[in-house]
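Please read this briefing alongside the sequence and the coordinates shown below. The points are grouped by topic.

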Amino acid sequence: MKQYLLSVHLVDDGAPPPPPEAAQPVYERVAALNSEIQAAGAWVFAGGLHPPTTATVVRVQDGEVLMTDGPFAEGKEHIGGFWVIKADDLDAALAWAAKATEACASPVEVRPFQEETED
Amino acid sequence: MPPVDQTAIEQVFRAEYGRAVAVLVRVFGDIDLAEESVQDAFTVAAARWPSDGMPPSPAGWIITTARNRAIDRLRREASRNDRHAQARLLHGYDEPPEEVVAVRDDRLRLIFTCCHPALNQRAQVALTLRLLGGLETPEIARAFLVPEATMSKRLTRTKAKIAAAGIPYRVPPAHLLPERTAGVLAVLYLMFNEGYSASAGERLIRAPLCVEAIRLARLLRALMRDEPEASGLLALMLLQHSRRGARLDESGDIVTLEEQDRSRWDSDEIDEATALLRSALRRRAPGPYQLQAAIAACHAEAPNPAATDWPQIAALYELMLQLTPSPVVRLNRAVAVAMAEGLDAGLALVDELAEQGTLTDYHLLEATRADLHRRRGDRTAAIAAYHRALDAARTEPERRFILRRLAEQNDRR
């Protein structure tokens with residue numbers, strides 16, 4: 001089986017975050033989807049992320065490890081959460097992604113993990 | 001065996017490339033390995049066949065030789081650490097020599113893989129031409145008027161995505177088959193149109209796309225006998241292709257359907273198309289390609305423009321609207337209604353469509369309106385519409401056509 005990252009992309013258009021009442025149905029749909037993924041044996045890991053304002057970036061510069069407050073890029077969009085799933089092929093991964101994007105009402109990017117060639 | 005000439009060998013290569021690659025992809029699960037092995041086999045054939053003669057089954061010979069070359073390659077590349085190469089090697093040994101029957105499914109699998117919706121359409125078209133059409137990268141680049149390096153990158157990236165993302169090598173399962181089949185048909189039709197709509201200057205280098213698209217449509221039809229839309233697509237292509245000798249004049253300008261010299265239409269292609277269409281329609285599962293072909297057949301069967309069965313065409317557009325309710329189809333229906341029931345009736349429909357605002361970006365809206373005004377003899381309205389059409393024209397031949405019409409209108413005083 002291959003592994004895929006399904007990442008949820010949220011647009012930073014300056015609009016205020018949705019009120020709790022709007023978020024609740026999303027949580028419920030996502031929770032239901034997570035149960036389905038687990039029951040199918042496709043689950044590896046998943047979680048929602050706190051907003052980019054809570055991020056910290058760590059990098060090496062001139063031989064030193066530096067720390068900065070905030071996301072890597074003040075961009076037009078950020079990742080709101082992700083699933084890591086197991087699937088036989090891209091069609092299977094895309095089928096989960098279709099359910100994921102309906103559940104969280106945001107675009108979901110599907111990317112394959114590199115396979116490890118072990119000894 | 002009789003001696004063989006270079007042309008005959010090249011023809012065999014072109015005809016058998018797709019089949020050989022398809023089988024090898026199934027056996028080894030790797031498109032690059034499949035292509036390289038088949039090309040190796042061709043190199044051997046090109047060296048040996050001129051003197052040894054062509055083997056009784058060239059396809060079988062190529063597949064067997066390619067398979068052996070692939071195994072050799074994998075042996076060289078497989079190290080203790082490369083489990084993937086080892087797995088492929090074992091799989092290649094286990095597979096028995098191919099039966100011709102099995103090969104039919106392999107090419108169908110390959111077409112669906114090339115046309116997977118996770119690939120963008122340009123990538124789908126390029127890869128289909130390469131793997132199933134057997135066209136070389138420079139040929140494909142020329143046909144699409146892009147530099148060879150661009151096309152090479154496109155093909156490499158596409159094959160890399162298939163491997164990395166795990167696009168499965170299979171005919172899609174039943175629940176996905178309708179939408180995936182529609183995707184394949186769209187790719188082949190796009191390929192055809194790229195060749196068919198080429199300007200006079202481009203025609204020589206782009207016309208092979210038509211030939212290739214028709215060849216692949218024939219293959220698809222043979223591989224999907226239960227799918228009447230595959231026959232519909234082939235019929236549509238043949239009907240359009242039949243007019244290629246009449247649609248441009250000596251200066252490379254557009255000749256409308258009405259003005260075309262119908263004696264220059266290819267009657268063999270028309271006959272083949274109408275037979276295909278008839279048998280497809282008998283299955284009572286009409287689809288957009290069958291309907292478009294039926295409309296094209298109405299034109300093809302009319303010995304002259306006045307004999308065109310416009311009421312039938314209008315009825316066919318109505319059927320199409322039930323399947324694909326698009327504004328463009330509505331516009332085309334309006335034209336058919338104009339010809340069948342009267343220009344004012346048609347014009348009213350066109351004006352209604354224009355008001356709805358769904359066609360503002362459609363470059364043929366004003367040209368259509370202008371033409372109807374022209375037929376009605378309303379010079380002022382025609383000229384105004386032609387000027388708007390000029391603004392929307394997208395190609396040089398289109399512009400010249402509209403300017404010609406404008407000149408005609410201005411001459412009428």
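Predicted model: local features only at pLDDT ≥ 70, side-chain atom pairs only at ≥ 80, totals over all residues.

**Briefing on selected features**

Ala235(B) has its place in helix α11 of chain B, which spans residues 228-241.

**Surroundings of Ala235(B)**

- Ala235(B) is buried, because its relative accessible area is 0%, under the 20% that sets the limit for that term.
- Leaving aside residues up to four places away in sequence, Ala235(B) touches Ala273(B), Leu276(B), Leu277(B) and Ala293(B).
- The C-alpha atom of Ala235(B) is separated by 8.3 Å from that of Ile270(B), a residue 35 places apart from it along the chain.

**The sheet of chain A and the helices against it**

- In chain A, 4 strands form an open sheet with antiparallel pairing, in the order β2-β5-β1-β6.
- The edges of this sheet are β2 (43-48) and β6 (108-112) of chain A, each of which pairs on one side only, and the twist from one strand to the next averages 20°.
- Strands β1 (residues 2-11) and β5 (residues 77-87) of chain A run antiparallel and are joined by 10 bridges; Ser7(A) has Phe82(A) as its bridge partner in β5(A).
- Helix α1 of chain A (residues 20-39) packs on the sheet, where it touches β2 and β5 of chain A, and its direction makes about 25° with that of β5(A).
- Helix α8 of chain B (residues 148-165) lies across β1 and β6 of chain A, running at about 110° to β1(A).

**Arg73(B) in helix α3**

- Arg73(B), in helix α3 of chain B (residues 58-77), counts as buried because its relative accessibility is 18%.
- The side chain of Arg73(B) makes a polar contact of 3.4 Å with the side chain of Glu36(B), and, residues up to four places away in sequence not being counted, Arg73(B) touches Leu33(B), Glu36(B) and Asp40(B).

**Aromatic pairs and a charge over a ring**

- Over all chains, a search of the whole structure finds 7 aromatic pairs.
- Phe13(B) and Phe42(B) form a stacked pair, because their ring centres are 3.9 Å apart and their planes are at 5°; this pair links helix α1 (residues 6-28) and helix α2 (residues 31-52) of chain B, and both residues are buried.
- Tyr189(B) and Tyr289(B) form an edge-to-face pair, because their ring centres are 5.7 Å apart with planes at 85°, and the pair ties together parts that are 100 residues apart in sequence, in helices α9 and α13 of chain B.
- Ring pairs link Phe13(B), Tyr17(B), Phe42(B), Trp49(B) and Trp61(B) into a cluster.
- Arg247(B) lies over the face of Tyr196(B), at 4.4 Å from the ring centre.

Terms used:
Residues numbered from 1 in each chain as written. Chains lettered and ligands numbered in written order. Heavy atoms only, no water. Helix = DSSP H or I, 4+ residues; strand = E, 2+ residues; numbered from the N terminus. Buried < 20%, exposed > 50% of the residue type's maximum accessible area, 1.4 Å probe, protein only. Contact = heavy atoms within 4.5 Å. Pairing = 2+ DSSP bridges. Axes fitted to C-alpha atoms, helices over the stretch in contact; angles between N-to-C directions. Polar contact = N/O pair within 3.5 Å; in protein donor to acceptor, adjacent residues only side chain to side chain. Phe/Tyr/Trp six-rings, centres within 6.5 Å; stacked < 30°, edge-to-face > 60°. Lys NZ or Arg CZ within 6 Å of the ring centre and 35° of its normal.
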